[in-house]
Amino acid sequence: MALSTEESGRLAALLSGQADRVTSRWTEIVTSSLRGRLSQAELRRQVQDLHSAIVATSEQGDIDLSADNAAELRAALADLSRGRARQGFSATETTVSIFALKDVLAELVQEAGGANALNDYVAFAKLVDEMGLFTFESFVRTRESLIADQAEQLLELSTPVVKLWEGVVAVPLVGTLDSARAQVVMERLLQTLVDTSSPYAIIDITGVPAVDTQVAQHILKTVVAARLMGADCIISGIRPQIAQTIVALGIEFGDIATKASLADALRHVLRLSGVETARRQPRRGA
Amino acid sequence: MERVPILKIGDILLVSIQVDMSDQTAVQLQEDLAERIVDTGCHGVIIDITALDIVDSFVGRMLSTIASISKVLDAETVVVGMRPAVAITLVELGLSLNGIRTALNVERGMELIAAAHADELDYQLDDDPDAETATP
């Protein structure tokens, strides 16, 4: 797969001999494929970076993209694909920027002519293909890490623990509760109980679209753990369909208090903790 | 051998476990505690496990035993300061601390004991006037 020393020497000569022409032709082809979503100047800079990386690598002798001496070239390619991935370009648009080099090389080889022209071109094209694949892979890797980051942020964002009253905290659960989220919710809730020394916690499941045995198991675990630490948990926000599902699945909440709404749960807790709530008499006359 | 200190605060004995419990330490603690409850006539025992990173079945059983001993001697036992990680581990292992009351911290534990004790006192005080009025 790798280019031999003579081949890479000819590649270096070809590319550096008419450096300006190569980069401007290359930029031209890439620009037309991106339909003006990146400025000409920026593209030119990227292409020049790549060009110099290729030339620098090929001057060192044989080129093998996986070898140590191609580290600079790999870094340049990874840099390009990382940038494109973050800017929201598609994988094709990113890889085409590399494949554009083939067209440029075809023109150059044709002009130069010579006995080895065909062999040289095939070898160069192979190298470009390899570079394209490498770019594609690093593009995918960048995208995957972006998605993982976002999933983590979502996990952080979607589980707030709020203080409702002196000694009462609530967790409004929103969205599907999988094991990872349940774990985060549990840890967050228990830590908040300790930090605020609140003896009551309300778990509100109004925003949970469906409760199956697994979700119920997660909620039950949280309640039992809170009890072990000396706090009482109340489950609220059980919608009619969810109540039916819970009964149909045979899920037992045992002696855990369940309430239809958050307001009911809060009232229940306030009564337990001995806070009097009185309705003010409406003013008469006046 | 390490010994776990037992502190008396008002009507409550406070045991703060800060060492790794071995069989010997546990037995010694049970003996010491039983003696102190009888000597002082306290009505509440608070066991603080804030410093414990791990609560396994051994420690769980020890806590249960202490609670039972105190119960016999008419003292309420409250375990306080369990860490979230410890609680989660206990739940995942399926261990439960049967017959043990828990509270978030020492302060809450003292309130709990005070409330339980006040109920008992009310009950005793209520008893006598009722008895008198019942037989006029």
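The following questions and answers concern a predicted model. Local features need pLDDT of at least 70 and side-chain atom pairs count only at pLDDT 80 or more, while totals for chains, interfaces and linings use all residues. Residues are numbered from 1 along each chain as its sequence is written, and chains are lettered from A in the order in which they are written.

User: Which strands stand at the edges of the sheet in chain A?
Analyst: Strands here are DSSP runs of E, at least two residues long, numbered from the N terminus, and two of them pair if DSSP finds at least two bridges between them. The open sheet has 5 strands in the order 1-2-3-4-5, with mixed pairing. Two strands have a single partner strand each, so one side of each is left without a neighbour in the sheet: strand 1 (162–165) and strand 5 (257–258) of chain A.

User: What is the bridge partner of A:I203 in strand 4 of chain A?
Analyst: Strand 3 (residues 200–207) and strand 4 (residues 232–236) of chain A run parallel and are joined by 5 bridges. In strand 4 of chain A, the partner of A:I203 is A:I235.

User: Are helix 1 and helix 2 of chain B roughly parallel or roughly antiparallel?
Analyst: Helix 1 (residues 23–40) and helix 2 (residues 57–72) of chain B pack with axes 10 Å apart, at an angle of about 20°. Axes are lines fitted to C-alpha atoms over the stretch in contact (C-beta atoms, placed from the backbone, within 7 Å), and angles run from 0 to 180 degrees between N-to-C directions. Angles under 35 degrees count as roughly parallel and over 145 as roughly antiparallel. Helix 1 and helix 2 of chain B are therefore roughly parallel.

Technical notes:
Helices (H or I, at least four residues) and strands (E, at least two) are DSSP runs, numbered from the N terminus. Angles under 35 degrees count as roughly parallel, over 145 as roughly antiparallel, 65 to 115 as roughly perpendicular and the rest as oblique.
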